[in-house]
2 protein chains.
Amino acid sequence: MNVQARPADAQTHARPASPADALAAVLREEVAATEAEIARNLASPVGLIPDVAHHLVDAGGKRLRPLLTLASARACGVAGANAVKLAAAVEYIHTATLLHDDVVDGSSLRRGKRAANLIWGDKASVLVGDFLFARAFNLMVQTGSIRVLDILAHASSVIAEGEVLQLAAANSGEVNRDIYMKVVEAKTAALFRAACEAGAITGGGDDEQVAGLARFGRHLGLAFQFVDDALDYGGATDSLGKNVGDDFREGKVTLPVIIALERAQDDEPLFWQRMVARKHREEDLDRGLAILRQRGAIDATLDEAREQVALARAALAPLKDPGIVQLLGELADYVVARVN
Amino acid sequence: MNVQARPADAQTHARPASPADALAAVLREEVAATEAEIARNLASPVGLIPDVAHHLVDAGGKRLRPLLTLASARACGVAGANAVKLAAAVEYIHTATLLHDDVVDGSSLRRGKRAANLIWGDKASVLVGDFLFARAFNLMVQTGSIRVLDILAHASSVIAEGEVLQLAAANSGEVNRDIYMKVVEAKTAALFRAACEAGAITGGGDDEQVAGLARFGRHLGLAFQFVDDALDYGGATDSLGKNVGDDFREGKVTLPVIIALERAQDDEPLFWQRMVARKHREEDLDRGLAILRQRGAIDATLDEAREQVALARAALAPLKDPGIVQLLGELADYVVARVN
């Protein structure tokens with residue numbers, strides 16, 4: 001929804017900078033209404049709540065999830081007032097999980113800014129996260145749709161379950177593709193999926209369209225996470241708001257490491273186990289990056305992301321609106337293309 | 001719901017030990033169904049979730065809130081399957097807030113057991129709390145009632161807002177009755193109120209009955225918190241699962257201290273300010289207890305609790321079922337009577 005910050009851009013140029021911007025331009029009014037809804041529901045007489053929440057919300061991020069809700073609604077019919085409420089709710093759920101994630105991970109940067117937990121403390125991050133989560137449900141209730149509430153409440157449980165699984169795996173030092181995939185399905189794909197599915201229902205989609213957009217969201221979420229994992233080992237600090245190798249430093253096992261382990265030679269398994277056990281030193285990051293390159297792990301990660309993008313594109317078949325379908329397809333491509 | 005642990009008791013004696021036990025005996029089947037629902041929804045392939053959750057849930061506590069939901073439903077008609085789901089949801093919301101509270105407060109004891117955060121760490125407590133909160137919404141969605149979801153989602157926002165207000169007040173060192181009351185209304189009364197209101201709606205109550213039970217829950221919650229605050233300065237460690245003076249040690253301003261401040265003489269305001277700023281030493285607790293007694297602050301706190309109990313009892317007027325009304329009234333009395 002960056003388009004908002006530079007409306008001139010969106011209006012003067014025929015093609016905005018990215019497919020996300022193009023989608024946001026097509027859904028200009030709904031995006032503006034969603035931003036207003038997001039801001040309005042952060043209001044509280046307890047000043048610490050808007051302080052903490054705005055810090056994160058105003059940093060922007062990609063607002064990809066609410067955009068998917070709006071686009072899914074439009075793809076099936078109309079993105080009306082309820083789609084806007086759901087889009088805001090989805091962004092709140094996402095922001096709440098970021099706040100709690102940063103406490104759990106002890107993160108120092110988020111969206112290129114100091115993490116909220118470092119400024120206001122872990123306690124504020126935990127409690128404001130709870131507030132955002134509760135407000136998300138308030139917004140969903142306002143739509144009056146039990147079906148949509150069911151989808152988003154289920155996604156919220158799945159996300160929390162995935163968070164706990166990740167923590168338990170980190171504690172036990174257990175590392176394998178099965179656990180990694182379960183965590184990604186839960187932590188990332190579930191909300192992308194629910195964002196699209198809820199939007200499709202609210203937009204009036206038939207069963208096939210709703211199922212198609214749910215699949216689209218899931219595969220897009222998986223692609224998104226794989227690319228994020230690859231970028232952590234290769235992106236530039238300022239473009240991502242993250243330091244290169246953060247996952248390495250945190251002993252976090254992501255797809256590039258899973259692949260490097262599957263292809264490991266000599267003492268490499270021991271090297272990665274040391275990282276997982278957080279017995280590595282800062283200097284080890286260079287060797288980690290070298291191994292990832294030697295084993296082709298980053299390229300292989302991006303190949304897997306491309307496979308997910310293809311599955312996401314295929315899932316759009318039941319949709320009728322050619323304009324939105326094209327933009328959603330381009331958005332899926334862009335999720336991988338942003339690495340270049 | 002202690003009655004479950006000793007069914008022989010409930011059946012052989014004409015009068016069970018407390019009004020809560022008596023209510024649980026009248027609602028025996030619904031209580032058993034609620035316990036089963038609570039246990040069933042803690043199941044997860046991620047073992048850490050049932051570990052942490054059962055630690056707290058099995059410690060029991062009073063299960064007062066779910067009992068209120070069931071009793072409110074019965075008082076208006078029938079406590080059926082939906083009342084059971086809501087009772088379980090209410091207990092989940094309560095347990096989730098306890099888990100997060102203990103992280104925020106750095107608590108060491110909860111329900112007479114080591115706090116979960118000390119055993120599994122703050123991270124697990126945050127994430128399992130999130131899981132329980134999400135599961136609460138799953139259960140509520142299963143009732144299919146948007147009206148009930150609205151009430152409990154609203155209560156959840158209010159609770160979180162109260163938690164943040166309490167944290168902000170603790171950070172700023174601001175102390176007054178207004179802030180204290182806002183925190184208690186939000187952190188305790190809101191869930192008691194919602195537990196009763198949601199039960200009344202599900203039980204088929206008319207508007208007057210629903211409003212009456214909502215008022216009953218609110219006043220009972222206020223009374224309950226005032227008594228808890230008094231007990232913290234006078235109860236026995238093993239009966240409460242808390243150490244005497246925990247609130248003092250944590251610099252937490254509760255009603256006895258508010259009253260002592262309102263009646264303060266000489267250097268007493270400074271003494272309490274030192275406690276709030278957590279610049280007190282362990283030895284200061286004795287002087288704190290002495291001041292509270294001298295100023296009659298504990299008795300005055302209990303007087304205020306009794307006023308709330310009277311308001312709670314008066315709110316039961318619209319209800320027809322004399323048996324449940326009598327037991328709810330006795331339960332309200334018992335909330336204060338338990339200090340003796």
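A residue is called buried here if 20 or more other C-beta atoms lie within 10 Å of its own, exposed if 12 or fewer do, and partly exposed in between, with the C-beta atoms placed from the backbone. On that count, 55% of the 340 residues of chain A are buried. The model is a predicted one, in which local features need pLDDT of at least 70, side-chain atom pairs count only at pLDDT 80 or more, and totals for chains, interfaces and linings use all residues. Residues are numbered from 1 along each chain as its sequence is written, while chains are lettered from A and ligands numbered from 1 in the order in which they are written.

Chain A as a whole comes first. Its secondary structure amounts to 18 helices and two strands; these are DSSP runs numbered from the N terminus, with helices being H or I of at least four residues and strands E of at least two. The radius of gyration of chain A, at 20 Å, is close to the 20 Å that the globule rule gives for 340 residues, so the chain is as compact as a globular protein of that length. (That radius is taken over C-alpha atoms, and the rule is 2.2 Å times the number of residues to the power 0.38.) Laid along its principal axes, the C-alpha trace of chain A spans about 55 × 45 × 40 Å. As for how the chain meets itself, take contacts between residues at least 6 apart in sequence: 73% of these in chain A join residues at least 24 apart. A contact here means that the C-beta atoms of two residues, placed from the backbone, lie within 7 Å.

One helix pair gives a closer look at the packing. Helix α5 (residues 64-76) and helix α18 (residues 322-337) of chain A pack at about 150°, their axes 9 Å apart. The axes are lines fitted to C-alpha atoms over the stretch in contact, and the angles run from 0 to 180 degrees between N-to-C directions. The crossing of α5(A) and α18(A) is left-handed, the term for a near helix turned anticlockwise from the far one by less than a right angle, with clockwise making it right-handed. On the α5(A) side the meeting residues are Ala71(A), Arg74(A) and Ala75(A), and on the α18(A) side they are Ile324(A), Val325(A) and Leu328(A). By class, the residues of this contact between α5(A) and α18(A) are five nonpolar, no polar and one charged. Ala, Val, Leu, Ile, Met, Phe, Trp, Tyr, Cys and Pro count as nonpolar, Asp, Glu, Lys and Arg as charged, and the others, Gly among them, as polar.

Next come the two chains together.

Ala89(A) lies in helix α6 of chain A and is buried, with 32 other C-beta atoms within 10 Å. Beyond residues up to four places away in sequence, Ala89(A) touches Ala136(A), Leu139(A), Met140(A) and Leu152(A). Setting aside residues up to four places away, Ile93(A) touches Phe133(A), Ala136(A), Ser156(A) and Leu191(A).

Asp266(A) tells another story: it has a positive phi of about 50° although it is not a glycine. Asp266(A) sits in the loop between α14 (255-262) and α15 (268-276) of chain A, and counts as exposed with 8 C-beta neighbours inside 10 Å.
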